[in-house]
Amino acid sequence: MWEIASDSKVLDVNSSYAYVLWCHDFAATSIVATLDGRPVGFVTGYRRPTDPSTLMIWQVAVDDSCRGHGIAATMLHHLFDRVRRSGVVAMHTTISPDNVASQRLFSSVAQRRGLRFERRDLFAAEQFADSHADEDLYLLEPELVEP
Ligand SMILES: CC(C)(COP(=O)(O)OP(=O)(O)OC[C@H]1O[C@@H](n2cnc3c(N)ncnc32)[C@H](O)[C@@H]1OP(=O)(O)O)[C@@H](O)C(=O)NCCC(=O)NCCS
């Protein structure tokens, strides 16, 4: 996971220890895709402490050599199917304005699942101590229907 994140040249790369610790404590809300036994993609997520019915996706990445084959979408669908069994109904994530691939990925997942797809401001570039783009919040939520 650390290597895939590092190779992506897009993601913030956490320490290798952070990924090991993450998998130790958040395996239930994370997933890894393998090809011939080799990890080629991963999703890290957690249930929001203030709203455990929402799965917050922290990072999603697929090895450059394997992109465009539905691996990221498949991981998100598998993960969402898994956590739905314990009461999760919505998925949130943050995406930078220039990351069209990720926006398309989540919009496609929302559409496939019949979820509302909405963008909101969250973290502005000036809130980060280092050089970092905005991180917009994307919400994939069940449609509200009037009774
Ligand atoms: C974003 C990323 C995870 C997508 O992985 P992937 O396995 O290639 O994505 P998929 O093949 O599952 O595609 C899912 C959808 O996104 C669309 N998509 C994927 N990459 C795209 C791109 N570069 N441009 C436009 N659309 C793209 C696909 O067309 C597909 O849409 P569809 O279902 O309507 O056909 C991958 O490009 C990546 O690892 N990028 C670097 C890390 C990153 O930016 N992570 C997200 C940070 S928030």
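Rings of Phe, Tyr and Trp (its six-membered ring) pair if their centres lie within 6.5 Å; planes under 30 degrees apart count as stacked, over 60 as edge-to-face and the rest as tilted. A search of the whole structure finds six such aromatic pairs. This is a predicted model, where local features need pLDDT of at least 70, side-chain atom pairs count only at pLDDT 80 or more, and totals for chains, interfaces and linings use all residues. Residues are numbered from 1 along each chain as its sequence is written, and side-chain values use heavy atoms, with hydrogens and water left out.

**Aromatic pairs**

- Tyr-19 and Phe-42 form an edge-to-face pair, because their planes stand at 75°, with ring centres 5.9 Å apart.
- This pair links distant parts of the chain: Tyr-19 sits in helix H2 (residues 16-25) and Phe-42 in strand S2 (residues 38-48), 23 residues apart. Helices (H or I, at least four residues) and strands (E, at least two) are DSSP runs, numbered from the N terminus.
- Tyr-19 is buried at 5% relative accessible area, and Phe-42 is buried at 0%. Buried means under 20% relative accessible area, exposed over 50%, partly exposed in between (1.4 Å probe, protein chains only).
- The rings of Trp-22 and Trp-58 have centres 5.0 Å apart and planes at 55°, so this pair is tilted.
- Trp-22 lies in helix H2 and Trp-58 in strand S3 (residues 51-62), 36 residues apart.
- Trp-22 counts as buried at 12% relative accessibility, whereas Trp-58 is partly exposed at 40%.
- Ring pairs join Trp-22, Phe-26, Tyr-46 and Trp-58 into a cluster.

**Surroundings of Tyr-19**

- Beyond its neighbours within four places in sequence, Tyr-19 is in contact (heavy atoms within 4.5 Å) with Met-1, Trp-2, Ala-5, Asp-12, Val-13, Asn-14, Phe-42 and Gln-59.
- Trp-2 is 17 residues from Tyr-19 in sequence, and their C-alpha atoms are 6.6 Å apart.

**Packing of H3 and H4**

- The axes of helix H3 (residues 71-84) and helix H4 (residues 100-113) come within 10 Å and cross at roughly 50°. Axes are lines fitted to C-alpha atoms, for helices over the stretch in contact, and angles run from 0 to 180 degrees between N-to-C directions.
- That makes H3 oblique to H4. Angles under 35 degrees count as roughly parallel, over 145 as roughly antiparallel, 65 to 115 as roughly perpendicular and the rest as oblique.
- H3 contributes Ala-72, Ala-73, Leu-76, His-77, Phe-80, Asp-81 and Arg-84 to the contact, and H4 contributes Leu-105, Phe-106, Val-109, Arg-112 and Arg-113.
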